[in-house]
Amino acid sequence: MPTKRKPQVTAAAARRPETAAAQAARRRELLDTAAEVFAEQGYNATTVRKIADHAGMLAGSLYYHFDSKESMLEEILRGFLDELWDGYDTVLGARLGPRETLEALVTESFREIDRHRAAVAIYQKESRQLAGQERFAFLAESQRRFETAWLATLERGVADRVFRDDLDVRLTYRFVRDTVWVAASWYRPGGHHSPEEIARQYLSMVLDGIAVRE
């Protein structure tokens, strides 16, 4: 869905004194706009001018808030991943059974897609290329943590005989990962189904295939 351009704000207007709360809100708004443009047009094809145009301001005014598009992208991705891991760590720290952990991780993932759809889309399309840059090395580290958490949950489920003993846990992990996160390409916040409802539907399809048959 194309992002909407807003009326332009001049550099002088951007420099007018603002409260800390107003500055934080404006910064968040600009990052949300940038995330939509990055997700729609791709990181390499996106310029500061394009982001400024969609934000309704001059490019020079955008530099008042951020020093580069790299800074904006880093903040977008760090914000998404920090919130994702806050949720994941809460789930993993709850010491639930393997099935309940898997259900909670999938549900938390869909909640993050709901909150950060554009950031998830960027991560899906750009992370492999970006991870090779020192500035974005945190992407590879997050991916390693992500894989470890999901594989451990699946392996625990097999060991506890909650999941089938012939389960290929690495293949299952890749299937669940890709099935969940690709939803960012079609999901739109405010649609007919809540993140929790979509998670329940996904889980019913996945778990019927990997749960031990009585």
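Guide: Start at a loop. Arg-95 sits between α5 (69-93) and α6 (98-115). Helices are DSSP runs of H or I with at least four residues, strands are E runs of at least two, and both are numbered from the N terminus. Arg-95 has a positive phi of about 55 degrees, although it is not a glycine. Most residues other than glycine have a negative phi. Arg-95 is exposed, at 78% relative accessibility. Exposed means over 50% relative accessible area, buried means under 20%, and partly exposed lies in between (1.4 Å probe, protein chains only).

A word on the ground rules. This is a predicted model, where local features need pLDDT of at least 70 and side-chain atom pairs count only at pLDDT 80 or more, while totals for chains, interfaces and linings use all residues. Residues are numbered from 1 along each chain as its sequence is written, and side-chain values use heavy atoms, with hydrogens and water left out.

Now the whole chain. It has ten helices and zero strands. Its C-alpha atoms fill a box of roughly 70 × 40 × 30 Å along the principal axes. Of its 214 residues, 45% are buried. Take the contacts between residues at least 6 apart in sequence: 74% of them join residues at least 24 apart. Contact means heavy atoms within 4.5 Å.

Next, the helix to look at closely: α2. It covers residues 20-41, 22 residues in total. From its first C-alpha to its last it reaches 31 Å, close to the 32 Å expected at 1.5 Å a residue. The expected span is 1.5 Å times one less than the number of residues. Just after α2 comes Gly-42, with a positive phi of about 90 degrees.

What does α2 bury? Its buried residues are Arg-26, Leu-30, Leu-31, Thr-33, Ala-34, Ala-35, Val-37, Phe-38 and Ala-39. An α-helix has 3.6 residues a turn, so residues three or four places apart point the same way. The cover over the buried residues of α2 includes α3 (48-55), α4 (59-62), α5 and α7 (117-130).

Take α5 among those. The two helices α2 and α5 pack at an angle of about 95 degrees, with their axes 10 Å apart. Axes are lines fitted to C-alpha atoms, for helices over the stretch in contact, and angles run from 0 to 180 degrees between N-to-C directions. So α2 and α5 are roughly perpendicular. Angles of 65 to 115 degrees count that way; under 35 is roughly parallel, over 145 roughly antiparallel, and the rest oblique.

Which residues meet there? From α2 come Arg-27, Leu-30, Leu-31, Ala-34, Ala-35 and Phe-38; from α5 come Lys-69, Met-72, Leu-73, Glu-75 and Ile-76. By class, this contact has eight nonpolar, no polar and three charged residues. Nonpolar covers Ala, Val, Leu, Ile, Met, Phe, Trp, Tyr, Cys and Pro; charged covers Asp, Glu, Lys and Arg; the others, Gly among them, are polar.

Look at Met-72 on the α5 side. It lies in helix α5. Met-72 is buried, with a relative accessible area of 1%. Setting aside residues up to four places away in sequence, it touches Leu-30, Leu-31, Ala-34, Phe-38, Ile-51, Leu-62 and Phe-66. Met-72 and Leu-31 are 41 residues apart along the chain, and their C-alpha atoms are separated by 6.5 Å.

Arg-117 lies in α7. It counts as buried, at 12% relative accessibility. Its side chain makes a polar contact with the side chain of Glu-36, at 2.9 Å. A polar contact is a pair of N or O atoms within 3.5 Å; within protein, one must be able to donate a hydrogen and the other to accept it, and residues adjacent in sequence count only if both atoms are side-chain atoms. Beyond its neighbours within four places in sequence, Arg-117 is in contact with Glu-36, Glu-112, Ala-184, Tyr-187, Arg-188 and Pro-189.

Arg-161 lies between α8 (137-159) and α9 (169-181). Its phi is positive too, about 60 degrees, although it is not a glycine. Arg-161 is exposed, with a relative accessible area of 56%.
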